[in-house]
Amino acid sequence: MPQPTIINAQSTDYAATSNSGADRTFEDVVIPAEANTVIILVALTLAESARTLTNLTFGNASAIRTHLIDVSADTFARATIAGVFDVSAAGAMTADVVATLDSTATGGARCGVICSTGFVESFTTTSHRSATDCESISFSPNYAENIFTMIGSCHVEIGGFTVTEGTLIFKGAQSEAHVGVYGVVQDTAINTNQKKIGYTQTIEEHAELFVTLSSQRNPFVQGQGLIRDIV
């Protein structure tokens, strides 16, 4: 089975309709018919120590949220949340993304979206206090049929974000001096079938979600994926 792909035309970033209140709305987020999984991340211009994001929804019930992830563990990182949605039975759709704050606040926000033909195999998060030169390496026995993705937020200078390992999907900012979001994919193996994502950046705080996407819905289920009966 071939590796899944990123649907680049609809994998992008969105601006919020308002910079105040108890939530942030991102209008008309487009999900293509061929997508099976959508990863949506929202970041505030406010630090995790000032406000937190408590919920993230997509305004169409056909998009089934399978994971809600608090991405920004570090108090200095921008408040960041992500949702993973199964859209394999949904077809094409356009709806609003709404991120909910723990209380009313004034401050901008940015939303990043990755659309893929793959299914979630695994994920992990990380935060950086002062990121300048970063890399993450992943290995899975399902290496021939998966890709390694990263979606994250950055405080301030998103313009200086440069991918050194992998392929940039998108990057965009609420404003250059506030908060940015970005997406990266790696589909090529190194060494013993590892996959590596790397980037350089001016010294900033980052909060990141790494998702391995597989061509199969459950690649390790006995009889369907890599695990076989012992005979």
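Student: How many aromatic pairs does the count come to?

Tutor: In this predicted model, the count comes to 6 aromatic pairs. One of them joins F148 and F210: the ring centres are 5.6 Å apart and the planes lie at 20°, so this pair is stacked.

Student: Where do F148 and F210 lie?

Tutor: F148 belongs to strand β10 (residues 146–155) and F210 to strand β14 (residues 195–214), so the pair ties together parts that are 62 residues apart in sequence.

Student: And are F148 and F210 buried or exposed?

Tutor: Both F148 and F210 are buried.

Student: What about F161 and Y182?

Tutor: F161 and Y182 form a stacked aromatic pair, with 4.2 Å from centre to centre and 25° between the planes. F161 sits in the loop between β10 and β11 (162–165), whereas Y182 is in strand β13 (residues 179–186), so their pairing ties together parts that are 21 residues apart in sequence. Both residues are buried. Together with Y199, F161 and Y182 form one aromatic cluster.

Student: Which backbone oxygens lie 2.9 Å from a polar atom of the R78 side chain?

Tutor: The backbone oxygen of T45 lies at 2.9 Å from such an atom, and the backbone oxygen of F76 lies at 2.9 Å as well.

Student: Which residues does R78 touch, not counting those up to four places away in sequence?

Tutor: Among them are L44, T45, L46, A47 and E48, and also S153, H155 and H178.

Technical notes
Residues are numbered from 1 along each chain as its sequence is written. This is a predicted model: local features need pLDDT of at least 70, side-chain atom pairs count only at pLDDT 80 or more; totals for chains, interfaces and linings use all residues. Side-chain values use heavy atoms; hydrogens and water are left out. Rings of Phe, Tyr and Trp (its six-membered ring) pair if their centres lie within 6.5 Å; planes under 30 degrees apart count as stacked, over 60 as edge-to-face and the rest as tilted. Helices (H or I, at least four residues) and strands (E, at least two) are DSSP runs, numbered from the N terminus. Buried means under 20% relative accessible area, exposed over 50%, partly exposed in between (1.4 Å probe, protein chains only). A polar contact is a pair of N or O atoms within 3.5 Å; within protein, one must be able to donate a hydrogen and the other to accept it, and residues adjacent in sequence count only if both atoms are side-chain atoms. Contact means heavy atoms within 4.5 Å.
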